[in-house]
Amino acid sequence: MQHQHHPSGEHEHAHNDEQDDSHGNHQGLRGRGGFIISGLTGGHGVFHWFTQSFIAMLPEVQAAFALSGVGVGGITSIRELVSGIVTLPGGIIADALRKYWGLVLALCMAVFGVGWLIIGVAPNYYILLLGMAVVALAASIWHLPAMASLSHHFSHRKGTALSFHGVGGQLGDVLAPPVTGFLLAFLAWRGIISIYAVIPILLALLVYWAFKNIGRTGGDDGAERQGLQMQATKRVLRNPILWIVAFVGGIRGMAFIGLITFFIIFLNDLGLALDGKPFAVELTIPSLFSISLGEFEMTTFVRNLHFGLLLAVGIVSTPVVGWLSDIFGRKAVLVPGLLLLAVLSYLLGNSVPGLGLIVIIALMGTFLYGDQPILTALALDVAGDEVPTTVLGILSLERFLLSFASPLIAGALYDNGFAFGGIDLNGPQATFTYVAVLFLIGALILLFIPLPRPSHQADHH
């Protein structure tokens with residue numbers, strides 16, 4: 001990493017970068033930037049794979065527990081609420097326990113598997129919610145040291161680095177729906193979840209080996225360092241622009257979780273299919289044997305292909321928009337992107353199966369997952385990197401506390417529609433119009449607040 005001239009206040013961070021690089025040299029492979037970003041990106045993919053698989057199975061879960069739209073929304077609401085409760089205190093504690101980040105990451109991976117095991121065997125809706133709460137706890141804590149480490153190791157390219165981390169999640173997101181759609185032809189949703197649960201429990205040991213030294217910078221961990229850290233934490237908590245950025249993240253989170261929860265339900269209700277007929281799946285070797293694997297429901301498969309398209313487009317677009325935000329500034333990328341999502345969300349609610357729906361889904365994918373890494377980079381631009389997990393905790397706190405009720409609101413709109421004055425919207429129209437308004441509000445707030453340029457732009461001016 002080339003060290004450029006740092007603006008005032010960044011000298012200590014630059015020194016820490018050098019210490020970290022020096023320490024990393026003694027770790028061999030595990031200390032290299034490429035290994036760190038690849039490993040954390042892969043771990044992020046695991047978390048998203050399983051979460052997105054569950055979302056892809058929501059119609060089956062809805063049928064199993066006879067849930068209304070509000071009941072479906074309650075599943076994602078509990079995830080958002082638990083995430084919101086743990087992120088800020090979790091971020092402050094993670095900064096204080098920086099040298100144990102590797103152990104924290106490993107424990108999160110193991111607990112994540114336990115949560116899915118609870119979901120897979122849940123006898124009723126309330127145990128299902130308990131399992132989702134455990135999953136949310138593990139996933140939320142994982143993100144704090146993972147993203148803070150990337151921000152530290154790639155301090156002048158954090159928009160790009162965090163976007164690549166986002167791509168890992170998107171790879172999991174993209175693969176999950178079609179694979180899950182295929183597996184549902186042969187396994188019940190409970191069976192799929194129970195099999196998935198074993199993987200993170202086994203991966204926990206590998207995660208600990210890979211990242212056990214990731215938070216050790218070689219600096220002083222004594223009382224003086226802790227005192228400086230507490231001062232930095234107080235400064236961050238009093239930063240008004242950071243709280244406004246976090247509020248925008250919360251509004252964006254409300255829109256995102258409302259959209260993604262009912263997107264798959266909407267596709268299922270549209271009755272997407274290739275020809276309306278089941279597709280027979282057989283394993284045949286001529287002259288030897290032929291095994292029928294059953295009839296494959298094309299409606300389920302095509303539904304999940306559409307869902308996968310939404311996610312697949314983002315794999316290409318996310319690092320591109322992250323890079324653009326490093327070059328041109330966060331606001332120049334975020335505001336147009338949020339406005340685009342507002343328009344497309346409104347159009348989605350009025351869509352019917354066909355090419356138009358596919359185009360809307362593809363265009364939504366260009367920014368739907370790319371905005372979150374840029375908002376994260378923006379928060380770190382605003383507050384600095386002295387206590388990064390605290391900054392991420394603030395960002396996550398507002399996002400989750402604002403968004404936890406959003407699936408319930410979206411579910412009520414989906415169940416009942418919306419009628420007021422001369423406006424009369426059916427369920428999907430009401431839900432996705434609600435989402436569109438939220439994206440619009442986020443864009444307008446960002447448009448009118450003063451934001452810093454990315455650090456390397458400040459260096460060159």
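The following exercises, each with a worked solution, concern the predicted model shown above.

Residues are numbered from 1 along each chain as its sequence is written, and side-chain values use heavy atoms, with hydrogens and water left out. Because the model is predicted, local features need pLDDT of at least 70 and side-chain atom pairs count only at pLDDT 80 or more, whereas totals for chains, interfaces and linings use all residues.

**Exercise 1. Describe the protein chain as a whole: how many helices and strands are there, and what share of the residues is buried?**

Step 1. The secondary structure comprises 18 helices and four strands. Helices (H or I, at least four residues) and strands (E, at least two) are DSSP runs, numbered from the N terminus.

Step 2. Of the 461 residues, 56% count as buried. Buried means under 20% relative accessible area, exposed means over 50%, and partly exposed lies in between, with a 1.4 Å probe and protein chains only.

Step 3. Among contacts with a separation of 6 or more, 83% join residues 24 or more positions apart. A contact means heavy atoms within 4.5 Å.

**Exercise 2. Determine which residues Phe47 touches, and whether Phe47 is buried or exposed.**

Step 1. Phe47 is located in helix α2 (residues 33–56).

Step 2. With a relative accessible area of 1%, Phe47 is buried.

Step 3. Not counting residues up to four places away in sequence, Phe47 touches Cys108, Met109, Phe112, Ala138, Ala139 and Trp142. Phe47 and Phe112 are 65 residues apart in sequence and 7.9 Å apart in space, C-alpha to C-alpha.

**Exercise 3. Characterise the packing of helix α3 and helix α10.**

Step 1. Two packed helices are described by the angle between their axes and the distance between the axes. Axes are lines fitted to C-alpha atoms, for helices over the stretch in contact, and angles run from 0 to 180 degrees between N-to-C directions.

Step 2. The axes of α3 and α10 (residues 240–270) come within 9 Å and cross at roughly 85°. That makes α3 roughly perpendicular to α10, a class that covers 65 to 115 degrees; under 35 counts as roughly parallel, over 145 as roughly antiparallel, and the rest as oblique.

Step 3. On the α3 side, Leu58, Pro59 and Gln62 meet Thr261, Ile264, Ile265 and Asn268 in α10. The contact has four nonpolar, three polar and no charged residues. Here Ala, Val, Leu, Ile, Met, Phe, Trp, Tyr, Cys and Pro count as nonpolar, Asp, Glu, Lys and Arg as charged, and the others, Gly among them, as polar.

Step 4. Asn268 is partly exposed, with a relative accessible area of 27%. Leaving aside neighbours within four places in sequence, Asn268 is in contact with Pro59 and Arg303.

**Exercise 4. Examine the backbone and the exposure of Ala66.**

Step 1. Most residues other than glycine have a negative phi.

Step 2. Ala66 has a positive phi of about 55° although it is not a glycine.

Step 3. Ala66 is placed in the loop between α3 (58–65) and α4 (69–96), and is exposed, with a relative accessible area of 71%.

**Exercise 5. Contrast the buried residues of helices α13 and α14.**

Step 1. In α13 (residues 355–365), the buried residues are Leu357, Ile360, Ile361, Met364 and Gly365. Seen down the axis of α13, they fall within an arc of 135°, so they line one face of the helix; the arc is that of the directions from the helix axis to the C-beta atoms.

Step 2. In α14, 13 of the 13 residues are buried, so this helix is largely enclosed by the rest of the structure.

Step 3. Just after α14, Gly384 takes a positive phi of about 85°.
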